[in-house]
Amino acid sequence: MHLPACLSATRTGGVAASATLLLSSLVPLATSAHAARTPAAGLQEPPPGALQQDFAAAAARYRVPPSVLLGVSYLQSRWDAHGGAPSVTGGYGPMHLTDGAADASELPYGTGTLTRAATLTGLPAEQLRNDPAANVRGGAALLAAAQQELGRAPGADPADWYGAVQRYSGADDPAAARAYADEVYAVIRAGQQRTTDSGQWVTLPAVPDATPVPAAPAVPAVPASEPAAAPTSTPAPTATPAPAASAPAAVPAPARTTAHPDSVECPVTVSCEWIPAPYKKLEGADDDDYGNHDLADRGSDSSIDYIVVHDTEGSWKTSVGLVQKPDYVSWQYTLRSSDGHIAQHVPLKDVAWHAGNWYTNAKSIGLEHEGFLTAPDAWYTEAMYRASARLVRHLAAKYGIPLDRLHVIGHDNVPGAVPDAVRGMHTDPGPYWDWAHYFELLGSPIVPTAGPRSAAVTVRPDYEAHRPPYTGCGKKPAEPCPAHASGAVRLHTAPDPAAPLVKDIGRRPGGEDSTTGVNDTGARASTGQSYAVAERRGDWTAIWYLGQKAWFQNPAGEPTAVNVRARLLTPRAGLREVPVYGRAYPEASAYPAGVPVQPVVPLAYRIPAGQRYVVGQRTAGEYFYAKEYGKPGRVVRGKEIYYEIQYGHRIGYVKASDVTLVGT
């Protein structure tokens with residue numbers, strides 16, 4: 001079995017809320033619909049391209065409202081063709097037609113929609129995969145067929161197509177299909193426009209009154225958070241066969257185990273079910289050996305400070321199977337790529353084993369997204385991005401987590417807890433995750449907040465246009481990865497593209513240079529990460545990074561960063577350098593009897609005098625001790641204060657007693 005590479009951590013110490021999903025609670029995500037690759041203010045909108053005409057022609061041919069066809073396609077692919085490459089779940093083109101030639105057991109449902117689209121249109125499967133116009137035509141044919149199967153006449157009113165959109169989702173349970181359709185109609189009401197990955201300008205004019213019938217009226221405003229499903233402290237699933245799914249015809253709906261609607265901790269605007277991770281003793285193991293998470297009372301005796309974005313490095317089926325093994329690791333949520341459906345596995349009050357850093361485990365929530373780091377063309381769907389954003393907004397509001405890149409982090413931003421752990425830390429979701437779009441959906445877009453001589457910058461290249469080369473996506477480390485959009489910039493020792501990449505002494509204690517490997521984070525800064533400016537020279541900007549000056553190209557005409565205000569710190573006067581830590585543990589005197597003292601071990605990294613780093617949160621040292629099966633762990637909190645910093649590609653911690661806060 002292919003084990004998800006992301007899912008590792010060590011312990012050193014049914015359909016639910018969406019069953020009551022109401023369209024009235026599905027408000028527009030705070031997506032910058034007109035911010036991503038759209039004309040600047042005052043400039044004329046580009047003329048519609050061939051793809052826009054293809055949508056219009058297919059809509060007319062099959063008598064599907066253009067807004068419905070465009071809305072479905074946007075939720076699947078944002079109208080991108082991805083060069084004919086399949087998505088994580090085997091979907092092709094702007095309409096995400098799933099290929100029946102793929103392993104049906106790994107697809108989200110049945111044998112895919114591409115074969116049926118070929119039958120309906122008379123077009124060969126290969127053309128439907130690779131020709132965007134044919135692909136759009138295939139999607140329109142599927143929608144028209146679904147409408148006919150429901151006994152509804154085709155018509156121009158998008159409100160009449162809600163059931164057909166539900167069927168198009170292919171979701172294997174009604175709640176997931178409803179959530180998908182509601183998201184499509186949220187897109188239709190808000191409208192969208194963007195330039196696609198093939199340079200096509202596509203527009204979906206807003207249709208504010210596109211309210212499906214029957215449905216409650218939409219709420220026009222964007223709230224601070226998603227409406228919450230009522231949580232429960234003791235989830236208790238019951239085995240119940242699911243109703244027949246609203247999937248395409250001839251695709252059987254599998255039965256599934258569902259949970260009581262109150263057992264998941266999700267916003268009501270997403271489709272969410274309870275698939276529990278086991279908490280049990282391991283057979284044949286020592287009495288104190290158990291899996292695969294720890295009982296706790298987070299939110300009461302300790303705070304949750306981080307949300308960690310992972311990718312599964314495996315299919316949905318594989319991932320939700322692994323999390324149910326008591327001898328495996330755990331995480332709080334898995335998100336399905338095909339439709340954004342979510343499964344919760346561990347109650348939020350408890351500690352899952354997902355980050356590879358015990359301190360981070362205790363202070364975070366882990367979200368596993370179905371996908372593959374080293375397969376950039378196996379693209380993530382818009383449906384999953386949007387479901388993830390709705391979930392993160394809900395969690396951030398519930399626990400007071402700031403929506404920034406020091407708190408919403410990737411697994412590749414989690415530091416090694418001790419020096420020996422640094423080289424083995426995971427690197428997902430990697431350089432192809434679209435952090436800029438994700439933060440637009442979160443309602444916290446990455447924008448400039450300071451002038452051209454700011455003391456700090458936030459990395460923000462144009463995702464679609466920025467395509468740095470990477471290696472290691474194939475079987476050989478030096479094998480080039482397919483050219484693909486990326487949100488990460490590369491860091492050099494001098495303002496010259498031929499200069500060596502900066503070194504990471506934690507990953508390579510021997511002093512070797514960093515590489516262009518897709519899993520090598522040693523000389524990489526990603527979208528949303530903020531750093532103190534060390535110098536500016538022509539088209540280049542230098543930042544303080546891993547204790548050294550690191551240069552990246554940042555030309556005024558095509559900037560890869562924005563100028564921002566930020567809190568900074570520097571070593572206290574009189575200190576030559578200060579250590580950086582991978583965990584913020586308390587001082588020895590804070591530990592009560594019966595709890596072993598954890599050493600406060602610095603990493604190989606240092607901050608030399610004169611350097612500055614962007615500050616995240618201020619926190620007292622804390623350790624979560626969990627050794628007794630059946631009992632919640634104990635929280636040890638000390639008086640030693642730490643600051644979180646953006647040190648390199650990963651975050652780090654410094655003692656407040658070692659540093660001084662400085663102005664921006």
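Author: Residues are numbered from 1 along each chain as its sequence is written. In this predicted model, local features need pLDDT of at least 70 and side-chain atom pairs count only at pLDDT 80 or more, while totals for chains, interfaces and linings use all residues, and side-chain values use heavy atoms, with hydrogens and water left out.

Reader: Why is H1 called oblique to H2?

Author: Helix H1 (residues 50–62) and helix H2 (residues 66–77) pack at an angle of about 125°, with their axes 9 Å apart. Angles under 35 degrees count as roughly parallel, over 145 as roughly antiparallel, 65 to 115 as roughly perpendicular and the rest as oblique. The angle of about 125° therefore makes H1 oblique to H2.

Reader: What makes the contact between H1 and H2?

Author: Contact means heavy atoms within 4.5 Å. Gln52, Phe55, Ala58 and Ala59 of H1 meet Pro66, Leu69, Leu70 and Ser73 of H2. By class, this contact has 6 nonpolar, 2 polar and no charged residues; Ala, Val, Leu, Ile, Met, Phe, Trp, Tyr, Cys and Pro count as nonpolar, Asp, Glu, Lys and Arg as charged, and the others, Gly among them, as polar.

Reader: Why are H5 and H6 described as oblique to each other?

Author: Helix H5 (residues 132–149) and helix H6 (residues 162–169) pack at about 120°, with axes 8 Å apart. H5 and H6 are therefore oblique to each other. Their contact comprises 6 nonpolar, 2 polar and 2 charged residues.

Reader: What makes a space a cavity, and what is the volume of the largest cavity?

Author: On a 1 Å grid over the protein atoms alone, a cavity is a set of points where a 1.4 Å probe fits but cannot get out, and lining residues have an atom within 4 Å of a point. The largest cavity has a volume of about 140 Å³. Its lining has 16 residues, and those closest to its centre are Asp504, Leu546, Tyr605, Arg650 and Ile651. Strand E24 (602–608) and strand E27 (651–655) each supply at least two residues of this lining.

Reader: Which element gives the most to the lining of the second largest cavity?

Author: The second largest cavity, with a volume of about 110 Å³, is lined by 13 residues. Helix H7 (174–190) and helix H10 (382–399) each give two or more of them. H10 gives the most, with 4 residues.

How values were computed
1 Å grid on protein atoms, 1.4 Å probe; cavity = no way out; pocket = protein on both sides within 12 Å on 5 of 7 lines; lining within 4 Å. Points joined across faces, edges and corners; volume = space filled by probe spheres on them. Axes fitted to C-alpha atoms, helices over the stretch in contact; angles between N-to-C directions.
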